[in-house]
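Subject: Structure handover

Dear colleague,

I am passing on the structure we discussed, together with my notes. Please look at the model first and then read on.

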Protein chains: 2
Amino acid sequence: MRVGILGGGQLARMLALAGRPLGLDFEILCPAPDACAAPLGRHRQAGFYEEEALRALAASVDVVTYEFENVPAETVAILEGRVPVYPHPRALAHAQDRLREKTLFRDLGIPTPAFAPVDDLAGLKAAIAEVGLPAVLKTRTEGYDGKGQFVLHEAGQAEVAWTAIGRMPAILEAFVDYSRELSILAVRGRDGEIRHYPVSENTHEQGILRVSVARPGDPLQGRAEELVRRLLERLDYVGVIALELFQVGGELLANEFAPRVHNSGHWTIEGAEISQFENHLRAVLGWPLGMTDPVGFAAMVNFIGQLPPAEAVLALPYTHFHDYGKVLREGRKVGHATVRCPDAATRDRAIETLRGLITQL
Amino acid sequence: MRVGILGGGQLARMLALAGRPLGLDFEILCPAPDACAAPLGRHRQAGFYEEEALRALAASVDVVTYEFENVPAETVAILEGRVPVYPHPRALAHAQDRLREKTLFRDLGIPTPAFAPVDDLAGLKAAIAEVGLPAVLKTRTEGYDGKGQFVLHEAGQAEVAWTAIGRMPAILEAFVDYSRELSILAVRGRDGEIRHYPVSENTHEQGILRVSVARPGDPLQGRAEELVRRLLERLDYVGVIALELFQVGGELLANEFAPRVHNSGHWTIEGAEISQFENHLRAVLGWPLGMTDPVGFAAMVNFIGQLPPAEAVLALPYTHFHDYGKVLREGRKVGHATVRCPDAATRDRAIETLRGLITQL
C-alpha cells in the first residue's frame, strides 16, 4: 500500500518511520527541497496548488493524509473523488478558522473560554465589553506556535492589538487562568471505533510546546475522552486528532484541536503500546486500531532551534533521541527526546536533566 | 553522519529505521535492484567486488558496517584505510569459516561440541572415528539457514554426505542432544564498554529460526555473558555480536557467532530499552551505548516465505508487525511480529496465536 502525505516536515517523517515496518510506501508532496520527510519516501516536490502534481499523487497512492491543518481547500478539491483523503477535509475547515472551531465546540457542548468574533476595530471594542479582560486577540486563520496573537490587558490597547495582528478577521478569547494545559489524543477508525491515549500535560513557553508528560490515570481522563468523542463523532473523523484543553478548577475548557498527529503525542513512540503515528496510518487505511495503553512513565522534551550533541543525549538512561534532520533555525522544532522510565520520580529527574542540557546550548 | 551498509536486506533496513531518528543518513551497497533496505537510504547498486563503487562509498560516508558475515576479504581490503569499518574485519575471517570459528572458541576456553576438520573422504572417515555419531557435516564456508549441512547417523553414510555437501572443505561436529537453543546478543563500544541483552531462547525448524523468546533472569545469563565477553575482547570487537549456544544439562556449548545484528534479537526493537539496531549504530559511531534492559515480556515469530494479512496481525493485542517489503519466496525471511506483553502467560498465548495465523496460510 502507498500512502500520500501532504507536507514533508517532522510529522510526515515520523509517520513514514512508523509505516515502513508495516510494509507501507510513502509519497511526500511538499514544495520544500529539503523536506525532512523526503528521505523516507518518494518526494514529489510541488506546491499545494499544483494541479498536475496533485493528480499524479492521487493516481499513485491508495490514500492521502496530511501533516498540517492549513491544507488549502483547493488542494482537497482536486484530490477528492480521485483518492480517499483522511481525515475527512471537513475537519480542516473547522481547524483552519478559530471562530468556526470555537463555534463547533459550543454547538457540541464542549466548554470553551468566552469568545467573540472580531471583524474590525469597533467589533474588537464590542468584543472586549462582552468577553472581558484580560483577553487574547487571535487571527481567525493561519496562526500557530503563538504567532498572530496579542494579549490585551486594558481596553486602551484595542487599536495596538488590532494593528499587531494585521487587521485581519479575528476572535477575542477570554484569558484563562488555568492550572494545567492538557491535550488528549484519540484515534478513530473508518468503522467508527475510537481509542484514546492517556492525556498529556503540556508546558508551553513563548507559545511553543516545550514539554509533554503522559498522565495515565489522570482524574480528568474520562472527561477529556468524553469531549473529544463528541468532536470525533460530529466530524465522522478518521485518524488521530488532538484536542488541547485548559484545566480551570475541576473543569476542562477546549482551546483548539488539530486534525492530525500532534507534538504533544510524540511520547507515544516509546511510551505507548502503539504510537500515534502507527495508529493514524492504521485508521486512514481502514486497518484495526492498535492499543493506546501506556508503557512506563513517559515524557517528551522538545528541541527548539538547537540540538544538544547526540552523545550527550544518548548517554542518558531511559532516553530516546529524535533528530529530525532539519536545518537549525531559531524557533524551529528540530528534534525531541522521549524519556520512558520505571517510575514517576525517575521520569521527573530525566526531564530536568534534558532541560539542563538545553540550557547549556 | 552518514553510515554505509554492505548488504541491503532486512537487517540493513532495520538498521536504517533505527538510525534515522538519530539524524543519521544511510548508503546501502547492494547488487540487488530490489534491496528492501534501499528505500531507507541512498542505494548504491553494485557488487561487492566493484572497486569503483566501494571507493565512492568510502569517500561518501563516515563509517561502514555490514549486515552479513560473508563480506569478501577483497571488499574489506578496498575499504580499509579509506573509511573506518566496524565490526573490525578480523571477526569476518573467523565467522566465515566454521573451522576457524570453532578453533577460536576452543582457544578461548568456550566449550563447543566435539569437532574435527574434513578435507576429503578419508578425512571424513577419520573424523567420524574421532567425533563419534550422530554428527553433522558442514561446509567450512558459505552455509546458512541449514544449507550445506548433512546429518550422519552411521559411518556408511560418509560418501553420501561428502557428495551432498559438494565435496568441499568441511567440519564434522558431534550432534548435540541439547535441551534448549539459546543466543546471547551483546554490544561493545569503541571504548571497550560491553552491554548484554537478556538471552533469547530460539526454536529452529528446517534449519531456519522460527521463534525467539526473551528470557530475562535466565539462570544461564551470567555464563552466556562470560562466554561472549571472551569473544568480544579477543576480537577487539565493535558493534553487536550474536553468539548461538546449545544448552546441554547445565552447560552451554557454542554453536556459532554472527558478527552483526541477528534475527534472534529482533524482539529488542520493542522488548528492550534500546534495540540491537540502535546499539549497533551507537557502537560503530563511537557513541555511548544504550540500555539493554528488557521492556515487558517479549518474543518474536518469523514469517518465512509468506506473510499473514496485515489486518490479521494488527488485530492482535500487544503485537507489532514488521513487513520487510520483500518479494515473497519459499524459505525467505519476509517479516516478523514481536509481542511485548505484561506477563509470561499472555506472551505465550500471543506466540501461539501468531503461529496459528501462519499455519492457516
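This is a predicted model: local features need pLDDT of at least 70, side-chain atom pairs count only at pLDDT 80 or more; totals for chains, interfaces and linings use all residues.

Overall fold

Chain A is built from twelve helices and 17 strands. Its radius of gyration is 20 Å, close to the 21 Å that the globule rule gives for 361 residues, so chain A is as compact as a globular protein of that length. The C-alpha trace of chain A spans about 55 × 50 × 40 Å along its principal axes. Buried residues make up 52% of the 361 in chain A. Among contacts in chain A with a separation of 6 or more, 61% are between residues 24 or more positions apart.

The domain assignment divides chain A into domain 1 (2-85), domain 2 (114-174) and domain 3 (180-359). Between the C-alpha centres of domain 2 and domain 3 of chain A the distance is 29 Å.

Contact between the chains

On chain A, 23 residues are in contact with 23 residues of chain B. On the chain A side, the elements that give two or more residues are helix H11 (310-314) and strand E16 (319-323). By class, this side of chain A has 14 nonpolar, four polar and five charged residues.

Helices H1 and H10

In chain A, the axes of helix H1 (residues 10-19) and helix H10 (residues 276-284) come within 8 Å and cross at roughly 75°. This angle makes H1(A) roughly perpendicular to H10(A). From H1(A), the residues in the contact are A:Met14, A:Leu15, A:Ala18 and A:Gly19, and they meet A:Phe277, A:Glu278, A:His280 and A:Leu281 of H10(A). Sorted by class, the contact holds five nonpolar, two polar and one charged residues.

The buried residues of H10(A) include the charged pair A:Glu278 and A:Arg282, along with A:Gln276, A:Asn279 and A:His280. After H10(A) comes A:Gly286, which has a positive phi, near 75°.

Chain B has the corresponding pair. The axes of H1 (residues 10-19) and H10 (residues 276-284) of chain B come within 8 Å and cross at roughly 75°, and H1(B) and H10(B) are therefore roughly perpendicular to each other. Here B:Met14, B:Leu15, B:Ala18 and B:Gly19 in H1(B) meet B:Phe277, B:Glu278, B:His280 and B:Leu281 in H10(B). The class count for this contact is five nonpolar, two polar and one charged residues.

A loop residue, A:Ala37

A:Ala37 sits in the loop between strand E2 (25-29) and strand E3 (42-44) of chain A. Is A:Ala37 buried or exposed? It has 26 C-beta neighbours inside 10 Å and therefore counts as buried, the cut-off being 20 or more. Leaving aside residues up to four places away in sequence, A:Ala37 touches A:Ile5, A:Gly8, A:Gly9, A:Ala12, A:Arg13, A:Ala16 and A:Ile28. As for A:Arg190, it is 153 residues from A:Ala37 in sequence and 26 Å from it in space, C-alpha to C-alpha.

Regards

How values were computed. Residues are numbered from 1 along each chain as its sequence is written. Chains are lettered from A and ligands numbered from 1 in the order in which they are written. Helices (H or I, at least four residues) and strands (E, at least two) are DSSP runs, numbered from the N terminus. The radius of gyration is taken over C-alpha atoms; the globule rule is 2.2 Å times the number of residues to the power 0.38. A residue is buried if 20 or more other C-beta atoms lie within 10 Å of its own, exposed if 12 or fewer, and partly exposed in between; C-beta atoms are placed from the backbone. Two residues are in contact if their C-beta atoms, placed from the backbone, lie within 7 Å. Axes are lines fitted to C-alpha atoms, for helices over the stretch in contact, and angles run from 0 to 180 degrees between N-to-C directions. Angles under 35 degrees count as roughly parallel, over 145 as roughly antiparallel, 65 to 115 as roughly perpendicular and the rest as oblique. Domain bounds come from an automatic or database domain assignment.
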